[in-house]
Amino acid sequence: MPHFMKKITLVYFSPTKTTETVLRDITQGLAQSLEISSSEITAVNFTRPEIRGTVLEPFDKDDIVLLGAPVYAGRLPADAADFFKKLTASGTPAILTVVYGNREYEDALLELKDVASACGFIPVAGAAFIGEHSFASTDIPVAMNRPDENDLKQAQDFGGNTGTLLKKTTDLKKLAVLEVPGNFPYREGMGTGAPDFIAVTDACTECGICATACPSNAIDADDGFATIAADCILCCACIKACPEQARLMKAGPIKDKARWLNETCSIPKPVQVFFAVEP
């Protein structure tokens, strides 16, 4: 085994936990392939704002790093991209993953590859997985319950196949540049700020779980746990996390968009994986 394969680090942004779920299954397949023990696996979940204020130690050739984020409007979430840009690496192999809600991932995977490369990583594999759409609900089930069992099996296989690639590669710099779909200049991102689209019902017990789940501190505990629209990133983590189902999507443009997505993106899309190869 090449000397650099000693430990695995997951670095991810995952408000509704779909990206986290996919990355952990990729890691399972990767660790089995490379015979890396669980004690050498570390996860950095930077979904919460206070975590994004930290700076990670530089990565080196002893590391294998999995970078993961959801796709928002065909791009990386701005908070995720900003955190990834703070990472530093020195020829460290990186596995790139984006998770999207069965519409399109457009420029997100290319953006992640470009950011990783600029930070000193060597992207060796990339993938686009399907995750339950942020806007999904029981009555508007956009990619509901994805990733499913088959997706996660493919995640494990992707990790295992990437491990096989790494085992037979003695010099990462000899790999061809990883090719992934996308265009540059990238499409315009979504940004921050949203319509007032979340209602808080009388079922709310003020438990505060929604505020803990929110990645942008957009829940006002002093105003009945209402959403601060200017800070909202439309991830709907607060809706999905509420144990009382007390947060609901109001009628309006966001719910209309959810219905449109459910109607036009109902055919399940497959996982897409990409590998760098030796020329």
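Predicted model: local features only at pLDDT ≥ 70, side-chain atom pairs only at ≥ 80, totals over all residues.

Numbering starts from 1 along each chain as its sequence is written, and side-chain values use heavy atoms, with hydrogens and water left out.

Select residues 121-130, strand β5. Helices (H or I, at least four residues) and strands (E, at least two) are DSSP runs numbered from the N terminus. In β5, 10 of 10 residues are buried (under 20% relative accessible area; exposed is over 50%, partly exposed in between; 1.4 Å probe, protein chains only).

Zoom in on Val 98, which sits opposite Ala 128 of β5.

Now show β10, residues 272-275, which runs antiparallel to β5 with four bridges. There, Ala 128 has Gln 272 as its bridge partner.

Next, the prolines. Pick Arg 146 and Pro 147: the peptide bond between them is cis, with omega near 0°, and Pro 147 lies in the loop between β5 and α4. Then jump to Phe 184 and Pro 185, also joined by a cis peptide bond; Pro 185 is in the loop between α4 and β6.

Last stop: which phi does Glu 35 have, positive or negative? Positive, about 55°, although Glu 35 is not a glycine. Glu 35 is in the loop between α1 and β2 and counts as exposed at 72% relative accessibility.

How values were computed:
Pairing = 2+ DSSP bridges.
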